[in-house]
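Please look over the sequence and the model before reading on.

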Amino acid sequence: MSERTESESRKLLGRLRDALAEEAAGQERLDRITRLIATSMGTEVCSIYLFRDSETLELCATEGLRADAVHKTRMRVGEGLVGRVARSSRVINTDNAPAEKGFRFMPETGEEIYSSFCGIPIQRLGDNLGVLVVQSKDSRSYSADEVYALEVVAMVLAEMTELGAFVGEGAAMTARHQQPEIFRGTSGQEGAAEGRVWLHEPRVVVTNPVADDPEKETLRLGEAIEELRVGVDKMLATAARGDREQLDVLEAYRMFANSKGWMKRMEQDIARGLSAEAAVEKEQSAARKRMEQVTDAYLRERLHDLDDLSNRLLRILTGQGSETGAELPADPILVARNIGPGELLEYGRNLRGIVLEEGSVGSHAAIVARALAIPLVVHAERITTEALNGDHIMVDGDQGIAHLRPDDTVVAAFRDKIAMAAQAQERYASIRDKPATTLDGVTIGLHMNAGLMADLPSLAGSGAEGVGLFRTELQFLVQNKMPKRTELAALYSRVMDAAQGKRVVFRTLDIGSDKVLPYMAPQDEPNPALGWRAVRVALDKPGVMRMQLQALLRAAHGRPLTVMFPFIAQYDEYTASCAEMDKALERERILGHPLPASLEVGAMLETPSLGFAPQKFFEEVDFLSIGGNDLKQFFFAADRENERVRRRYDTLNVSFLTFLEGIVNRCISTNTPLSFCGEDAGRPIEALCLAAMGLRNLSMRPASIGPVKSLFRRVNLGEVRDVIIASRERGDQSVRPAVMEYLRNAG
Ligand code: PEP
Ligand code: MG
């Protein structure tokens with residue numbers, strides 16, 4: 001970079017800052033800027049085009065073109081050279097504009113044939129806001145230095161556009177962050193919610209893009225980077241050794257924080273007149289642009305890391321921490337790129353809804369959102385850049401859609417949907433204390449799934465008979481270190497207290513596969529779902545299971561206790577687990593602690609193999625619970641986490657139902673209590689077919705109990721069974737169409 005460039009761009013930016021500092025309304029400011037650029041650069045024309053909507057650009061200020069064309073001349077993205085700059089986000093710099101592809105002569109602007117044209121995209125953090133154009137009659141090509149100066153001006157313009165410096169002067173200038181936007185993602189948890197955006201990591205606002213003392217700015221940047229480095233080193237020192245993913249991120253942070261190239265580029269921008277903050281943001285913008293082009297997942301992750309690091313640096317520089325002074329609204333909808341289960345738990349039930357840019361249906365955050373029954377949308381791309389704190393937002397967890405700043409029609413339709421759901425809830429509340437008895441007199445036990453203390457209030461509210469599945473892994477997942485036995489015992493005891501004598505089935509730790517503990521060495525397995533997980537881990541490394549069994553026995557403190565082992569694939573895994581329980585009981589006896597009044601030890605049937613286990617297994621086991629989520633994935637060999645295949649096979653497929661019926665019959669022959677606790681138990685039609693196949697106990701999310709019970713109370717189960725059998729005999733692949741038709745006819 002030549003000395004001249006630095007001082008030229010600094011001079012230009014200095015004048016720009018002065019122009020901006022003067023009292024002036026939005027339009028006047030823009031006019032001043034175009035005048036200033038034209039004069040400083042010795043060009044006949046300087047114009048600013050801003051996006052009016054996502055497809056149209058509007059001429060918002062000009063020096064050199066006709067003043068009455070301002071706010072009238074519009075063009076579509078891709079149209080003419082200006083439109084091409086907007087579409088490609090690339091600079092077009094030519095000394096022979098008419099010869100350029102896409103050139104369009106616009107006489108309405110009083111445009112003469114200008115030979116030279118330089119168009120610069122106005123962007124902020126990878127978002128296109130408009131185009132800055134200079135034109136002159138003589139056939140000159142703008143030098144790299146001049147282009148750089150214009151790029152910096154465009155960035156400052158972008159910053160001001162974002163800040164609303166031009167608001168109030170024409171639609172184009174107010175458009176940003178005010179228009180309705182729809183984000184189509186994936187449903188992580190059903191339900192509808194309306195509220196105000198609460199950004200988990202608020203955007204940093206740079207109010208001083210231009211600075212006149214480069215030395216001071218360089219010093220500020222240096223100090224901030226040093227603080228950043230110290231912070232990253234601290235995080236690395238305290239990070240959990242076993243968490244490869246977290247370590248990868250922190251290593252990437254450290255690499256970027258120490259990168260000379262990154263620092264140098266930012267110093268160069270400061271030398272050209274930007275403030276330290278603006279220099280960081282310029283680099284961040286460039287990284288975001290690269291991110292859009294990179295398809296490699298690993299590289300994208302690293303660019304994301306750089307983005308995060310830039311945000312941290314901006315927070316240090318501006319002093320705007322996560323605490324921006326903004327107050328959590330009364331009806332917060334959390335918007336974040338991603339969030340950990342622990343952080344989500346801290347917000348707890350305060351949240352009305354959650355929209356994540358990343359995340360996945362099976363992530364821990366999704367598990368927590370489900371446990372808290374908060375509507376969740378994942379994969380809502382770009383939401384964190386588009387949403388501002390306090391924006392009105394509606395979350396459709398059923399469809400996986402978020403409506404940001406919705407217009408009146410969407411609001412009306414959405415409120416109808418919420419009202420209908422509320423009416424349905426009222427209906428469900430009215431049958432809360434009634435049994436799920438079908439018209440032909442069969443009563444199905446409805447229980448709830450839980451995993452958090454926070455779930456327990458639903459036990460009374462939903463009308464569940466008890467907790468059919470208490471997933472104990474959440475306590476292990478949400479903190480960075482192994483929970484202590486005393487902590488677990490206290491928690492389990494509180495759960496039993498809250499259940500007030502109703503049965504709670506505690507499932508021992510089910511880790512591995514998608515559930516990786518942050519403090520345990522992750523296993524690099526080719527096929528984690530088929531790998532070293534759940535009871536396999538527990539039996540090979542029994543320390544944690546022993547601690548957990550002891551905690552459960554202590555928590556029961558003389559009360560009845562029910563424990564279930566996950567993922568039992570063959571008989572000896574059950575007997576080995578029972579042997580651990582016996583040892584734990586013996587230890588407690590020796591220590592003189594009170595033993596449970598009664599103890600049931602069951603197994604989850606999650607692999608097809610267990611359905612064919614020897615008769616003695618069915619005779620010995622105290623009860624069985626079908627984990628339909630896993631059982632179905634193994635039955636059809638279709639990964640439950642894989643969007644491509646997870647919905648490919650219907651639960652109501654005849655083969656699967658017939659298999660389930662076989663398990664039911666074996667349990668009947670041995671008098672083994674049987675329940676079903678996968679997600680399908682909470683889907684009314686599926687629940688109905690499971691009952692028709694002979695299942696008499698279902699465990700589901702508390703919110704599903706009402707709808708499931710409501711359906712049961714209105715059907716004749718014997719008739720549904722006949723429909724299923726007839727459908728099977730006809731050779732249907734799935735019984736769903738036949739059952740649906742029957743229900744429609746039955747009204
Ligand atoms: C299941 O597999 O159906 C089940 C209930 O367990 P999880 O979803 O926790 O694997
Ligand atoms: Mg399972």
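At the start of helix H27, a side-chain oxygen of Asn-716 comes to within 3.1 Å of the backbone nitrogen of Gly-718. The model is a predicted one. The points below take up the helix, then the strands.

**Ends and length of H27**
- Helix H27 covers residues 717–730, and its 14 residues should span 20 Å at 1.5 Å a residue, which agrees with the 20 Å between its end C-alpha atoms.
- Just after H27, Gly-731 has a positive phi of about 90°.

- Leu-717, Val-720, Val-723, Ile-724 and Ser-727 are the buried residues of H27.
- Viewed down the helix axis, the buried residues of H27 fall within an arc of 115°, so they line one face.
- An α-helix has 3.6 residues a turn, so residues three or four places apart point the same way.
- Asp-722, Glu-729 and Arg-730 are exposed residues on the face of H27 turned away from its buried side.
- The cover over the buried residues of H27 includes strand E16 (443–450) and the helices H24 (654–670), H25 (684–692) and H28 (736–745).

- Val-467 is opposite Val-504 of E18.
- Strand E17 (residues 467–471) is mostly covered, with 5 of its 5 residues buried.

How values were computed
Residues are numbered from 1 along each chain as its sequence is written. Chains are lettered from A and ligands numbered from 1 in the order in which they are written. This is a predicted model: local features need pLDDT of at least 70, side-chain atom pairs count only at pLDDT 80 or more; totals for chains, interfaces and linings use all residues. Side-chain values use heavy atoms; hydrogens and water are left out. Helices (H or I, at least four residues) and strands (E, at least two) are DSSP runs, numbered from the N terminus. The expected span of a helix is 1.5 Å times one less than its number of residues. Buried means under 20% relative accessible area, exposed over 50%, partly exposed in between (1.4 Å probe, protein chains only). The arc is that of the directions from the helix axis to the C-beta atoms. Contact means heavy atoms within 4.5 Å. A polar contact is a pair of N or O atoms within 3.5 Å; within protein, one must be able to donate a hydrogen and the other to accept it, and residues adjacent in sequence count only if both atoms are side-chain atoms. Two strands pair if DSSP finds at least two bridges between them.
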